[in-house]
Amino acid sequence: MVYTVTLNPALDYEVLVDGFRAGGLNRTSREHMHFGGKGVNVSTVLHHLGVETTALGFVAGFTGKALEDGLKANGIRTDFVWLEEGLTRVNVKIRSGGGGGETEINSQGPVIPAPAMAALLQKLDRLEAGDVLVLAGSLPAGLPGDAYQTILARVKGRGVLTAVDAARDVLRGVLPCRPFLIKPNSAELGELFGKNSLSAEETLSCAKSLQEQGARNILVSMAGDGSLLLDETGVCRRLGVPPGTARHTVGAGDSMVAGFIAGWLSSRDYAAAHRMGAAAGSATAFSDGLATGEEIRALLPAF
């Protein structure tokens with residue numbers, strides 16, 4: 001079983017507005033409500049690939065119920081901790097036709113009290129050897145900066161594979177916990193080392209540094225430049241991107257994490273896991289939402 005933890009999930013309201021004008025009246029030509037948050041996205045793509053998964057995290061209010069009901073309707077198992085106050089956040093993503101790009105407005109989300117965190121930790125006590133735990137996304141208000149370390153300590157020594165997709169100090173803080181997988185993108189990797197951009201050689205050097213600090217496998221997503229995997233045997237693999245039109249990038253990195261985990265669980269081979277991760281990330285980038293299993297498998301031969 002793969003368990004994902006999204007501490008600050010969201011309803012992502014995506015709209016397409018032809019010729020978006022700030023300060024004026026705009027009308028949508030297409031709209032979609034997506035049940036999101038990075039860990040939730042990972043669970044969704046894993047479900048599409050036929051991998052058993054449960055989404056954990058915190059939800060609150062009527063928006064939290066909409067999130068939970070929507071995931072269940074899509075066949076995704078959930079076991080959220082319900083908060084007594086606040087609302088699960090709603091993020092607005094405005095895509096403008098005619099090359100206008102994408103504008104995002106992300107909400108803060110509810111404050112997480114200490115008893116709620118304790119309830120989440122208790123849920124993690126059921127994880128067993130061979131299970132996978134994915135921690136993905138930012139930390140919401142009310143939680144200390146070492147919340148991910150606390151979670152990883154809870155499952156330490158029980159044979160649980162752990163994966164972390166986070167940025168900045170949150171990612172750096174988990175390295176001593178020796179996560180099985182971390183998945184920074186190239187911008188996040190550069191930010192960790194104080195660089196605005198990274199060459200191919202610098203990307204590998206930074207990945208090696210993170211491995212020396214404790215991460216077992218480092219998967220770096222690099223948008224149009226593909227991806228790099230430095231596995232725990234010391235082998236570095238690079239994959240490009242197949243031909244196709246990128247429609248949007250929301251969830252592409254999360255899809256890569258899901259694909260890598262699905263590939264690893266089915267093959268126990270890092271090269272195969274990397275190919276499945278790359279296919280999943282590209283398939284989502286080429287679609288209007290999170291990729292289906294069919295879309296991912298259709299791209300797999302390109303790698």
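**View 1. The side chain of Arg172 meets the backbone oxygen of Leu192 at 2.5 Å.** This is a predicted model, in which local features need pLDDT of at least 70 and side-chain atom pairs pLDDT 80 or more, while totals for chains, interfaces and linings use all residues. Residues are numbered from 1 along each chain as its sequence is written, and side-chain values use heavy atoms, leaving out hydrogens and water. Arg172 sits in helix 5 (residues 168-174); helices are DSSP runs of H or I with at least four residues, and strands are E runs of at least two, numbered from the N terminus. With a relative accessible area of 31%, Arg172 is partly exposed (buried is under 20%, exposed over 50%, partly exposed in between, with a 1.4 Å probe and protein chains only). Gln213 lies 41 residues from Arg172 in sequence, yet their C-alpha atoms are 8.7 Å apart.

**View 2. Here is helix 8, residues 252-267.** Its 16 residues should span 22 Å at 1.5 Å a residue, and the end C-alpha atoms agree, at 22 Å apart. Because 13 of the 16 residues are buried, helix 8 is largely enclosed by the rest of the structure. Just after helix 8 comes Arg268, with a positive phi of about 55 degrees.

**View 3. The second largest cavity holds about 40 Å³ of space.** A cavity is a set of points, on a 1 Å grid over the protein atoms alone, where a 1.4 Å probe fits but cannot get out; lining residues have an atom within 4 Å of a point. Among the lining residues are Phe180, Ile261 and Trp264. Strand 10 gives the most to this lining, with 3 residues.

Methods
The expected span of a helix is 1.5 Å times one less than its number of residues. A polar contact is a pair of N or O atoms within 3.5 Å; within protein, one must be able to donate a hydrogen and the other to accept it, and residues adjacent in sequence count only if both atoms are side-chain atoms. On a 1 Å grid over the protein atoms alone, a cavity is a set of points where a 1.4 Å probe fits but cannot get out, and a pocket is an open set with protein on both sides within 12 Å along at least five of seven lines; lining residues have an atom within 4 Å of a point. Grid points are joined across faces, edges and corners, and a volume is the space filled by probe spheres set on the points.
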